[in-house]
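This report goes through selected features of one protein structure, topic by topic. Please keep the sequence and the 3D view at hand while reading.

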Amino acid sequence: RKCTSVLLTAGGSRGAGLSELGFRAALRLNPRPHPSLRANMKVCALLLAALGFLGCGLAERDCRVSNFRVMKHFDRERFSGTWYAVAKKDPMGLFLQDNIVANYEVDETGRMTATAKGRVTLLSDWETCADMIGTFTETEDPAKLVLKYHGVMAYLAVGTDDHWVVDTDYDTYALHYSCRQLNDDGTCFDSYSFVFSRDPNGLPLQAQRNVRKRQEELCLDRQYRQVFHTGFCD
C-alpha cells in the first residue's frame, strides 16, 4: 500500500477554520506574513509530514507471528558451537538472568542438541547457576525448530517452546525468537528472544544494525536488555 500525508488548509471544508472569503480577506490585509510566522508554518508542515510517515510505518508493520520472517536456508552445521547471549527479551515468569551461554551440537545423523547455562534467582534470594539440556524437533522450515528442555537439577524448569532462528551470519551474531502464547489476532502475548554473539563482549556495529532491523520486524524493538558476563557460571 502507498501511504500519503494529507495537509489540511484553511477554507478546505465548510465550517472548519476560516471561510474562503475570510481567508482571502486575511491575505489582502497581510500579503506578506511576518518572517517568524513563515518559519513556524514550515516547522508545522515538517512535523505533520513526519507524523504522517510515522503513522504509515506503524500501519504497515505486521505483528502476526505466522508472518515473521526467519533465516532462509538455515544451516545447523554452521550454527553449531558456542554462542553468548548479549541481550534478551524476557518472557513471563522465571528466566535466566545473565551469564547465559549456549552450546549447540550436531551429531552424525544431523540431529541437533543444546546445553545452556546462566544465572538465575530462586526463592527470591538464592542465586545459582542453572544448567539446561535441550533436544530439537524439526518442522517443515529448517529455521523453525521445536525445543524440548529440562534442567539438570529437578527444581529447574521443564517445557517445550518454539526455537526460531530469525537471522544469523553464523560467525558473528544470531537472533533467536520464541512465542509461548498467541493472542486471538495472531500476535504474541508471551514471547522471549535472545541476541547471541560468538564474542561475549558484544557485537560489531554492522551486526547490531542487522539485529535491530530484525527486532523491529518481530515488533520487539526497545524491549531488550543487555546480558552481562561476569564469570558467575564459570
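## Aromatic pairs

The structure, which is a predicted model, holds eleven aromatic pairs. One of them joins F74 and Y170, whose rings are stacked, with 6.4 Å from centre to centre and 20° between the planes. F74 lies in the loop between α2 (35–60) and α3 (76–79), and Y170 lies in the loop between β6 and β7 (173–182), so this pair ties together parts that are 96 residues apart in sequence.

Are these two residues buried or exposed? F74 is buried, with a relative accessible area of 8%, and Y170 is buried at 4%. Both residues also belong to a cluster in which ring pairs link F74, F79, W83, Y104, F136 and Y170.

## Charges over rings

A second case involves K144 and W164, where the charged end of K144 sits over the ring of W164 at 4.3 Å from the ring centre.

## Salt bridges

How many salt bridges does the structure hold? The number is eleven. Among them is the bridge between D98 and R119, with the closest N and O atoms 2.8 Å apart. D98 lies in strand β2 and R119 in strand β3, so the bridge ties together parts that are 21 residues apart in sequence. Both D98 and R119 are buried.

Another bridge connects K88 and D90, and its closest N and O atoms are 2.3 Å apart. K88 is buried, with a relative accessible area of 1%, whereas D90 counts as partly exposed because its relative accessibility is 31%. The side chains of D62 and R64 also meet in a salt bridge, at 2.8 Å from N to O. Here D62 is partly exposed at 29% relative accessibility, and R64 is partly exposed at 41%.

## The surroundings of S191

S191 is part of strand β8, which covers residues 188–197. With a relative accessible area of 4%, S191 is buried. Which residues does S191 touch, leaving aside those up to four places away in sequence? They are K89, D90, P91, Y177, S178, C179, R180 and L220. D90 in this list is also the salt-bridge partner of K88.

## Positive phi angles

Two residues have a positive phi although neither is a glycine: N99, at about 55°, and S124, at about 75°. N99 is found in strand β2 (residues 98–106). S124 instead lies in the loop between β3 (112–122) and β4 (126–137).

Their accessibility can be set side by side. N99 is buried, with a relative accessible area of 5%, while S124 counts as exposed because its relative accessibility is 75%.

## A nonpolar surface patch

On the surface, I133, V152 and M153 form a nonpolar patch, and together they have about 250 Å² of accessible area. Where does M153 lie? M153 is in the loop between β5 (144–151) and β6 (158–168). At 43% relative accessibility, M153 counts as partly exposed.

Key
Residues are numbered from 1 along each chain as its sequence is written. This is a predicted model: local features need pLDDT of at least 70, side-chain atom pairs count only at pLDDT 80 or more; totals for chains, interfaces and linings use all residues. Side-chain values use heavy atoms; hydrogens and water are left out. Helices (H or I, at least four residues) and strands (E, at least two) are DSSP runs, numbered from the N terminus. Buried means under 20% relative accessible area, exposed over 50%, partly exposed in between (1.4 Å probe, protein chains only). Contact means heavy atoms within 4.5 Å. Patches are made of residues with over 30% relative accessible area and no salt bridge: like charges are joined within 9 Å, nonpolar side chains (Val, Leu, Ile, Met, Phe, Trp, Tyr) within 5 Å. Accessible areas come from the Shrake-Rupley method with a 1.4 Å probe; for residues, only the protein chains shown count as cover. A salt bridge is a side-chain nitrogen of Lys or Arg within 4 Å of a carboxyl oxygen of Asp or Glu. Rings of Phe, Tyr and Trp (its six-membered ring) pair if their centres lie within 6.5 Å; planes under 30 degrees apart count as stacked, over 60 as edge-to-face and the rest as tilted. A charge sits over a ring if NZ of Lys or CZ of Arg is within 6 Å of the ring centre and within 35 degrees of the ring normal.
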